[in-house]
Amino acid sequence: MKKVFLFLLIAALLLPLAACSAPEDAAPADTTGGDPGVTQAPPTDTQPPEEPDDPIARRLAEEDGLPASDFEGRDFVVFGTDDDDYGKYVTVEDQTGERVNDAVFDRNLAV
């Protein structure tokens, strides 16, 4: 009885190792010239792109998936904060003719 239990325990411990192994008969996907055992070596002279030290340049180098926009020399200002509760900081009581102030007032009326 002990031998059967020990055999089952060893089999249970070795089973995950066998399940993760790659099949031996599978040919590599990147072969050259039709020879099944010959593969191309990855290029060794490639270097990763150098990251800029400036945080603004680093952000501009990232792909954001947005279309390129041309504002024809006009300023484009975005108001934002990392705080999720930013609404408590931007409150107005009435319209004053200032763009941001009036936009916040209109937003609060719409809600």
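These legends accompany close-up views of a predicted model.

The model is predicted, so local features need pLDDT of at least 70 and side-chain atom pairs count only at pLDDT 80 or more, while totals for chains, interfaces and linings use all residues. Residues are numbered from 1 along each chain as its sequence is written, and side-chain values use heavy atoms, with hydrogens and water left out.

**View 1. The protein chain has three helices and zero strands.** The order from the N terminus is α-α-α. Helices (H or I, at least four residues) and strands (E, at least two) are DSSP runs, numbered from the N terminus. The chain holds 111 residues, and 5% of them count as buried. Buried means under 20% relative accessible area, exposed over 50%, and partly exposed in between (1.4 Å probe, protein chains only).

**View 2. A nonpolar surface patch consists of F5, L6, L9, I10, L13, L14 and L17.** Together these residues have about 740 Å² of accessible area. Patches take residues with over 30% relative accessible area and no salt bridge; like charges are joined within 9 Å, nonpolar side chains (Val, Leu, Ile, Met, Phe, Trp, Tyr) within 5 Å. L14 sits in helix α1 (residues 2–19). L14 counts as partly exposed because its relative accessibility is 48%.

**View 3. E72 and R74 form a salt bridge.** The closest N and O atoms are 3.5 Å apart. The rule asks for a side-chain nitrogen of Lys or Arg within 4 Å of a carboxyl oxygen of Asp or Glu. The count is one salt bridge. E72 is exposed, at 63% relative accessibility. R74 is exposed too, at 60%.

**View 4. One aromatic pair is counted.** F71 and F76 are stacked, 4.6 Å centre to centre and with 5° between the planes. Rings of Phe, Tyr and Trp (its six-membered ring) pair if their centres lie within 6.5 Å; planes under 30 degrees apart count as stacked, over 60 as edge-to-face and the rest as tilted. F71 is partly exposed at 35% relative accessibility. F76 is exposed, with a relative accessible area of 57%.

**View 5. V92 lies in the loop between α2 (55–61) and α3 (99–110).** V92 counts as partly exposed because its relative accessible area is 23%. Leaving aside neighbours within four places in sequence, V92 contacts N101, V104 and F105. Contact means heavy atoms within 4.5 Å. V92 and D102 are 10 residues apart in sequence and 8.2 Å apart in space, C-alpha to C-alpha.

Key. Areas by Shrake-Rupley, 256 points an atom, 1.4 Å probe, with all protein chains shown as cover.
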